[in-house]
Amino acid sequence: MPACFIHISIDSASRSSTLLQPLSSHKPYPKMASSSSSAPNRNRSFDVFLSFRGEDTRYSFTDHLFVSLEGRGIHTFRDHELERGEDIEQELLGIIERSRFSIIVFSERYADSKWCLDELTKIMERRKEKGQIVLLVFYHVDPSDVRKQTRSFGRAFAKHETTVDEEKVQRWRAAMAEATNIGGWHVIKDNEYESKPIAEIIDFILKRLKPKLLPIEEHIVGMKFRLKELKPLLQIRMDDIRVVGISGIGGVGKTTIAKMVYNDLLCHFNGGSFLEDVKSRSKYHNDRLRLLQELLRDIQGNAKLELNNISDGVDMIKDRFNSEKFLIVIDIVDHGDQVQSLIKSCIWFAPRSRIIITTRDKHLLHMCQLNASSDEVKVLLYEAKSLCDEEAIELFSCHAFKQNVPKEDYVNLSNGMVNYAQGHPLALKVLGSSLCGKTIDEWKSELDKLKKGPKKEINDLFRVCFDRLDHFEKEVFLDIACFFQGADKDFVLRILDSCNLYATCGISVLHNRCLITIVDEKIQMHDLIQHMGWTIVREECPKDLSKWSRLWDPNHIDNAFSAKKVKVKCK
């Protein structure tokens, strides 16, 4: 695929007026065949390694670039203070290994230097093995001459072939050919200032060295362990493209986990985009267009980018970003159309790109695999689980008492609240915050109230999933909530299929949307989701339980049949 080049023209006549001049206080640099930053100590790490041909750019472009990088706090290596008598070549190669970025300045005589070519080969090895980010500058040379190894580059290699082992020359050639697929800045002679590409390079590096992290709420409990579980699925060193879905019931912490992963790993990628709450922004075609536009603005760093249609955005990914790896998060997806165009185009990102999707519907991830239609794209699933008892009591206490454990007089009541929430993070936060600062009597009253019906904020969270079910799926859900919690799956299927409810399909949908789980062929439902189901039945006729569609509590059954009403409308 063709590389993308950003063409910047340079006026040699105006170079004397550029803002980026060599500092007069600099000591003359010893003339060396190759280059790279300030005085190295052994085993010292650097942000950036500069590879350049000293005869071409030491006192001009590379000096301007080095001074500007250091001036912005980007720790940069070049070779001007390497002491004579050292094993310079091995020292340089070791520093490449300890650098996060490498900048290669291809100039007229770059390929003349064996050291430069050794640096280039090592840099490309680190890129492949460890994901080092490599930037290219084509300084006063045509990128096609570098790619095709013609003109001065061809002459240099022809000369090396007479004095250097053939196998080594082939490694040099392969490294150079591979590098030119990355794309880079083309600095053209005789037009403008050198400061423009330098500013763009610095901006690119700063965004990755010091990325803009996503805000995460306080009192995060149990999420670091989940992050540790999730990261092995991402395998950021593997040469493939991975789509990792984070599924789970609403409020279990999917978005929080995704934000933590994004903040933790973004520095290892060429860029990233966190597309938040996609569900509410993708109802119409233009919304999906804006979604793709937002993604491209994020990874390109261009807030003014405008797309005319989705096809233009997909073509841009194919043409301009096929050699760069990105971290993309698509948050809160509830329909395949919301990510279809993005997933289809993800195969055009470079290997080691990672796409994270948060959803309540596991079936969407199977659709992602089909839409990707490439063996190079792996789709994996991570299920976000509820908190354990210890984590739950800590999170609840943080919101109820502003400390990690309950107050002494509230221990039993706190245990009751935590038991009701069953490890659900959002429920624990809602309950804890609503009880903060209240008396023991108020706590007791609230706990009794919860036995009659769930808190509205918690109930509404799950009701969204129920409302998206079709008629038969809703019937299956309510029957499980009222009668079949913990029952054998085959038994439930026989009963519900005899009622013409198409239970096989219904149970599959409920499982995919995280409304039920199936453990050892037993159907399980989270207590809060079950309570939501009961509430839906109660709302059918709040004051007359004889008109409910289902009766599951023995007391309700007794009251309904003992009432004066002759006809009970339950199933």
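Colleague: Which residues does His531 touch, not counting residues up to four places away in sequence?
Modeller: This is a predicted model. His531 sits in helix α23, residues 527-538. Its relative accessibility is 17%, so His531 counts as buried. Leaving out residues up to four places away in sequence, the ones His531 touches are Tyr420 and Pro454.

Colleague: Is His160 buried or exposed?
Modeller: His160 is found in helix α6, residues 152-160. Setting aside residues up to four places away in sequence, His160 touches Ala111, Asp112, Lys114, Leu117, Val169 and Trp172. Buried means under 20% relative accessible area. His160 has 5%, so the word is buried.

Colleague: What separates the C-alpha atoms of His160 and Ala111?
Modeller: Ala111 is among the residues that His160 touches. Along the chain, the two are 49 residues apart. Between their C-alpha atoms, the separation is 9.3 Å.

Colleague: How many aromatic pairs does a search of the whole structure find?
Modeller: Ring centres must lie within 6.5 Å for a pair to count. The search covers the whole structure. The number of aromatic pairs is 20.

Colleague: Phe401 and Trp443 form an aromatic pair; what is the angle between the planes?
Modeller: The ring centres are 5.5 Å apart. Planes under 30 degrees apart count as stacked, and this pair is stacked. The angle is 20 degrees.

Colleague: How many residues apart in sequence are the parts that the pair of Phe401 and Trp443 ties together?
Modeller: Phe401 lies in the loop between α15 (389-400) and α16 (411-421). Trp443 lies in helix α18, residues 440-452. Phe401 counts as buried at 10% relative accessibility, and Trp443 counts as buried at 1%. The pair ties together parts whose separation in sequence is 42 residues.

Colleague: Phe483 and Phe484 form an aromatic pair; of what kind?
Modeller: Phe483 is partly exposed at 38%, while Phe484 counts as buried at 11%. Their centres are 6.2 Å apart, with 75 degrees between the planes. Planes over 60 degrees apart get their own label. The pair is edge-to-face.

Colleague: Which residue lies over the face of Phe204?
Modeller: A charge sits over a ring if it is within 6 Å of the ring centre and within 35 degrees of the ring normal. Here the distance from the ring centre is 3.6 Å. The residue over Phe204 is Arg208.

Colleague: Which strands stand at the edges of the open sheet of five strands?
Modeller: The order is β8-β9-β10-β7-β11, and the pairing is parallel. Each edge strand has a single partner, so one side of each is left without a neighbour in the sheet. The edge strands are β8 (271-275) and β11 (377-383).

Colleague: How many bridges join β8 to β9?
Modeller: Strand β9 covers residues 326-333, and β8 and β9 run parallel. Gly271 stands opposite Phe326 in β9. The number of bridges joining β8 to β9 is five.

Colleague: Which helix packs on the sheet, touching β7, β8, β9, β10 and β11?
Modeller: The helix covers residues 254-265. Its direction makes about 170 degrees with that of β9. The helix is α10.

Colleague: At what angle do α15 and α17 pack?
Modeller: Helix α17 covers residues 425-435, and the two axes are 7 Å apart. α15 passes α17 in a right-handed crossing. The contact includes Leu395 and Phe396 of α15 and Leu428 and Leu431 of α17. The angle is about 35 degrees.

Colleague: Which strand does β4 join over six bridges?
Modeller: β4 is mostly covered, with seven of its eight residues buried. β4 also pairs with β2 in the parallel sense, over five bridges. Ile103 stands opposite Leu135. The strand joined by six bridges is β5, residues 133-139.

Notes:
Residues numbered from 1 in each chain as written. Predicted model: local features only at pLDDT ≥ 70, side-chain atom pairs only at ≥ 80, totals over all residues. Heavy atoms only, no water. Phe/Tyr/Trp six-rings, centres within 6.5 Å; stacked < 30°, edge-to-face > 60°. Helix = DSSP H or I, 4+ residues; strand = E, 2+ residues; numbered from the N terminus. Buried < 20%, exposed > 50% of the residue type's maximum accessible area, 1.4 Å probe, protein only. Contact = heavy atoms within 4.5 Å. Pairing = 2+ DSSP bridges. Axes fitted to C-alpha atoms, helices over the stretch in contact; angles between N-to-C directions. Left-handed = near helix turned anticlockwise from the far one by under 90°.
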